[in-house]
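Colleague: Could we go through this model together? I would like to know what stands behind the terms used for it.

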Amino acid sequence: MYRTQLQLLVIVFFIGTSLWGKTIEVCATCEVKSIKEGIAIAADFDTLLIKKGNYKEFNIVIDKPLTLKGENYPVVDGEDRGEIIRIIADNVTVDGLHIINVGTSYTTDYAAIRVVKSDNFLIQNVVLEKLFFGIYLERSNHGRVYNNKIIGDAVDEYNSGNGIQLWYSHHVQVDRNIVQGTRDGIYLEFSDNITINNNTSINNLRYGLHFMFSNDDVYTDNTFENNGAGVAVMFSKRIKMIGNLFKKNWGTASFGMLLKEINDAEIIGNTFEENTIGINIEGSNRIEYKNNDFISNGWAVKVLGACYANSFINNNFLYNSFDISYNSKLNDNVFEKNYWSNYTGYDLDKDGIGDVPYRPVKLFSYVVNRTPETIILLRSIFMDIIDFSEKVSPVFTPDNLLDNMPLMKRSE
Amino acid sequence: MIQIENLHKRFGKNKVLTNLDLDIHGSGIFAVLGPNGSGKTTLIKCILGMVIPSSGDIEVQGKTIKKHWKYRQEINYLPQIANFPGNLRVKELIRMIKDLRQKQSKEEELIKLFGLEPFLDKKLSTLSGGTKQKVNIVLTFMFDSPLLILDEPTTGLDPGSLIKLKELILQEKNKGKTILITTHIMQFVEEMSDEIVYLLEGNIFFKGNVKQLMTRTNQTDFEHAIAAISTQTTDA
Amino acid sequence: MLKILKYSFYDLMRSRWSYVYFLFYLALGFVLLFLNNDLSKAVITLMNVIIVLVPLIGTIFGVMYFYNSKEFTELLLAQPLKRSSIFLGQYLGVAGSLTLSLILGLGIPFILYGLFRSDAIWDFSLLLVTGAFLTFIFVALSFNIALSNENKIKGFGYAVLLWLFLAVIYDGLFLMSLILFEEYPLDSFSLAAILLNPIDLSRTLILLKLDISALLGYTGAIFKQFFGTNKGLVVSILMLILWTILPIWRLVYKSKRKDF
């Protein structure tokens with residue numbers, strides 16, 4: 001309630017300022033020839049209309065509430081000399097710029113657009129290319145990053161930056177952005193109450209989306225494809241992950257999602273498809289996994305270390321090489337009413353629930369955890385035989401780890 | 001025609017042929033005789049190249065047979081037990097052998113002679129032992145080769161067919177061919193053979209014609225002569 | 001040799017077992033495609049079948065044929081034919097007809113379900129090529145066993161034992177040595193162990209083509225490096241060819257020295 005009111009207020013406020021402020025045109029043939037010049041002469045709540053052209057500028061500091069609006073994507077070329085735009089005032093809008101050639105440094109995190117200790121910002125329709133860091137929010141709250149396109153060309157992790165980074169920033173919306181070819185597509189550190197919707201994060205070196213020490217965030221309907229790993233959620237609480245697609249995060253140490261020290265999260269209606277590991281879980285408790293589809297992954301869910309009171313309900317496990325892998329004999333998690341394509345039981349009373357419990361952990365996955373080289377024996381008859389004997393009488397795998405109510409048909 | 005020198009054959013520890021020399025030349029019927037296990041079949045199979053000699057040399061028509069196979073084109077062989085691939089038809093078998101040897105053949109005449117027409121479309125596994133033997137004979141005699149080797153040719157034949165077989169053998173002999181026969185029917189030997197080769201314990205014990213055999217054993221009856229030659233050895 | 005091949009082939013083509021084998025694969029292909037209608041999924045299931053059944057059927061069929069055609073062989077031996085031609089002809093006849101049953105039996109349903117319009121065609125071809133290799137290898141091995149054992153029951157027993165060893169026991173020993181020596185680097189050892197068993201080699205080849213390579217993890221880097229490249233494929237195919245040629249060579253060598 002509070003948030004929608006606030007958004008309304010912000011919008012009304014912006015419309016108001018654009019009506020009330022005057023517009024300053026910036027172009028090669030105009031009176032004002034550079035953006036810096038424009039900012040210098042502008043009054044609060046003015047609009048700088050930047051016409052199509054090439055502006056070789058860097059270290060542009062916006063120190064008053066202004067709107068920078070690009071017409072037909074003017075190019076702001078930093079010539080690799082450092083940071084390009086820094087916002088240090090509240091109520092700033094940057095819209096429709098094409099920013100290229102951010103400087104790379106090993107000591108300073110140069111960004112295309114940096115927002116410092118400023119609230120109510122709006123960054124939209126911006127295209128960033130040849131960048132180090134893309135959009136960097138630092139102790140800035142109640143802003144919006146919308147419909148931007150960030151195209152990096154990162155090769156190595158040590159000299160590349162993140163596409164969108166939030167650091168001690170709260171109540172920010174990150175919507176409909178496309179981030180590719182950076183280190184982490186979207187990175188959150190100490191940032192709470194963030195919503196991340198409908199973004200596409202592909203081909204990033206490390207993670208598509210990365211949470212560190214950030215609580216109460218929500219991300220929905222995003223696509224994470226072909227990243228080093230899809231999403232890493234670490235040391236965070238109460239994160240909601242809904243309706244996202246994790247696809248083709250495929251490689252020797254890749255996973256769709258990594259959960260590390262995560263408590264009280266909800267993971268609902270996501271699709272994990274063709275990842276080496278669908279979800280890798282370490283030390284995470286009280287997480288609800290519901291209505292997710294795990295399709296054709298190497299490992300659908302890999303559980304490492306102590307994970308307590310998690311529940312897997314109504315998920316579909318389809319054609320994964322391994323459905324669940326545990327490295328311990330203990331199990332405190334609940335599996336119920338999931339559909340397992342590897343289930344071979346029957347349903348005599350026709351209630352849609354198999355009469356024989358399903359054991360999702362194979363002995364082979366236990367062996368592979370112990371000696372990874374043994375994976376080379378995947379799909380050999382010998383493995384099938386020992387898997388079968390383990391299924392009949394579990395010795396190495398947790399004997400209470402079973403789905404007592406496996407579904408006969410895929411859950412919709 | 002056939003010249004064997006120093007032939008040895010061992011099956012494991014069992015010496016079947018030891019230092020055997022044999023010379024067969026000119027046309028005629030040569031009966032290879034001997035008690036069970038004396039090495040008759042082994043000798044024949046050595047000549048045919050089915051058994052590889054441990055040492056010694058065999059020449060057929062003046063050429064060594066070691067590592068050669070084309071000389072078998074000049075030999076017609078009638079195996080002892082007529083075992084044929086069961087799911088072939090008689091006609092197909094004959095056609096196959098003809099195809100393999102690519103030689104002039106006179107199978108139709110022989111089929112008529114032995115009355116095999118009704119069996120031509122039958123599978124070999126359904127034939128009786130006698131009929132199989134007749135097929136066997138047809139396969140052997142249908143080609144024109146200078147050397148014939150017959151291992152127990154009379155097995156399972158009715159008297160009528162036996163007479164026809166004898167006539168056939170004599171015909172071939174009159175064409176100037178060399179014919180090697182093993183058999184246990186002494187009457188057949190007495191009647192047909194020009195020369196007898198008697199094998200004993202892997203070597204040739206006696207070689208000569210029926211008359212010589214009788215003189216040597218002081219017997220008037222051929223069967224007794226053969227029996228006597230065996231007892232001579234047990235005495236010796 | 002070609003004539004012997006022809007007759008062995010005809011002989012087999014009219015025998016019940018070739019049809020049973022052919023129909024089995026035909027049925028398997030249709031059932032698999034009917035059940036999940038997805039070519040690439042069916043290829044994975046088929047792999048399991050091929051890895052297990054093709055060697056087993058090749059072995060049993062080879063031994064059976066060799067013993068059953070003893071008379072035929074003896075008949076041929078008295079004919080003006082080279083020994084090596086006789087045995088090679090029979091071998092090629094058996095291996096060829098089994099391979100034909102396999103390729104037609106599986107090929108027909110997959111083609112009907114639109115193989116040529118699918119990207120699974122390469123995986124499927126690889127499957128058939130390895131299947132053919134396994135047939136040729138195991139028929140050759142079984143011929144060797146039959147040639148060296150006059151006793152049918154013994155020969156049959158050895159043949160099944162050989163299959164059991166290569167298909168199951170070998171992997172068991174392999175697994176045990178992997179676990180036993182897990183502190184040591186095992187990459188080269190595993191690679192060698194895989195290359196030395198035609199069944200494992202075929203399985204690995206197919207698995208890596210089916211893109212399960214990423215499951216191999218860091219430790220599997222050497223496998224990816226090896227099998228993932230053309231060089232690896234060439235070496236693997238060479239190993240399979242070697243596995244085919246060695247038993248054939250021994251078959252010819254032994255057959256020249258055997259008494260009948």
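**Chain C and the cores**

Modeller: Gladly: 46% of the 260 residues of chain C count as buried. This is a predicted model, in which local features need pLDDT of at least 70 and side-chain atom pairs count only at pLDDT 80 or more, while totals for chains, interfaces and linings use all residues. Residues are numbered from 1 along each chain as its sequence is written, and chains are lettered from A and ligands numbered from 1 in the order in which they are written.

Colleague: What makes a residue buried?

Modeller: Having 20 or more other C-beta atoms within 10 Å of its own; exposed means 12 or fewer, partly exposed is in between, and C-beta atoms are placed from the backbone.

Colleague: What is called a nonpolar core?

Modeller: A set of buried Ala, Val, Leu, Ile, Met, Phe, Trp, Tyr and Cys residues joined through C-beta atoms within 7 Å. The largest has 145 residues, and B:Val138, B:Ile149 and C:Tyr91 have the most contacts inside it. Apart from this core lies another of 94 residues, including A:Val172 and A:Phe312.

Colleague: Which residues does C:Tyr91 touch, leaving out those up to four places away in sequence?

Modeller: C:Val139, C:Ala140, C:Phe143, C:Ile248 and C:Leu251. Contact means C-beta atoms, placed from the backbone, within 7 Å.

Terms used: Contact = placed C-beta atoms within 7 Å.
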